[in-house]
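Visitor: Could you walk me through this one slowly? I'm still new to reading structures.

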Amino acid sequence: MKPTQSNTATRNPYRISAMEALENEGWEPSEDGAFAYARHAMFEATSPACCTEGCIVEPDGRCSHGCPSLLIALGMI
């Protein structure tokens, strides 16, 4: 039987949760906060990435560390 890799071995070490990214941006880390952020983001050309490094990306993009934009992580794009 082959040993299997654990999920943590393949996890991106730079990736943070969407709720943590919301909180880092000053929004309430909740469903209401996510919708409030989405309304705000409709008028922006950039979005924070869910990244520990504070990357800024296009709303439908990923940063150089492979982390998705907050809007992608929230499932709004």
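This is a predicted model: local features need pLDDT of at least 70, side-chain atom pairs count only at pLDDT 80 or more; totals for chains, interfaces and linings use all residues.

Visitor: Which other residues of helix H3 are buried?

Guide: Helix H3 covers residues 31–41, and besides Tyr37 its buried residues are Gly33, Ala34, Ala36, Ala38 and Ala41.

Visitor: And what covers them?

Guide: The cover over the buried residues of H3 includes helix H2 (18–24), strand S1 (47–48) and helix H4 (70–73).

Visitor: Switching topic, how many aromatic pairs are there in the whole structure?

Guide: A search of the whole structure turns up one aromatic pair. It is formed by Trp27 and Tyr37, whose ring centres are 5.8 Å apart and whose planes stand at 75 degrees, so the pair is edge-to-face.

Visitor: Where do those two sit in the chain?

Guide: Trp27 lies in the loop between H2 and H3, while Tyr37 belongs to helix H3, so to speak a link between distant parts of the chain, 10 residues apart.

Visitor: Is Trp27 buried or partly exposed?

Guide: Trp27 has a relative accessible area of 26%, and is therefore partly exposed.

Visitor: Ok, what about the largest nonpolar core?

Guide: The largest nonpolar core has 12 residues in all, among them Ile16, Leu22, Tyr37, Cys50 and Leu74. H2, H3 and H4 each contribute at least two residues to this core, and H3 gives the most, with four.

Visitor: What does the second core include?

Guide: The second core is separate and has six residues, including Cys51, Cys55, Cys63 and Cys67.

Note on methods:
Residues are numbered from 1 along each chain as its sequence is written. Side-chain values use heavy atoms; hydrogens and water are left out. Buried means under 20% relative accessible area, exposed over 50%, partly exposed in between (1.4 Å probe, protein chains only). Contact means heavy atoms within 4.5 Å. Rings of Phe, Tyr and Trp (its six-membered ring) pair if their centres lie within 6.5 Å; planes under 30 degrees apart count as stacked, over 60 as edge-to-face and the rest as tilted. A nonpolar core is a set of buried Ala, Val, Leu, Ile, Met, Phe, Trp, Tyr and Cys residues joined through side-chain atoms within 4.5 Å.
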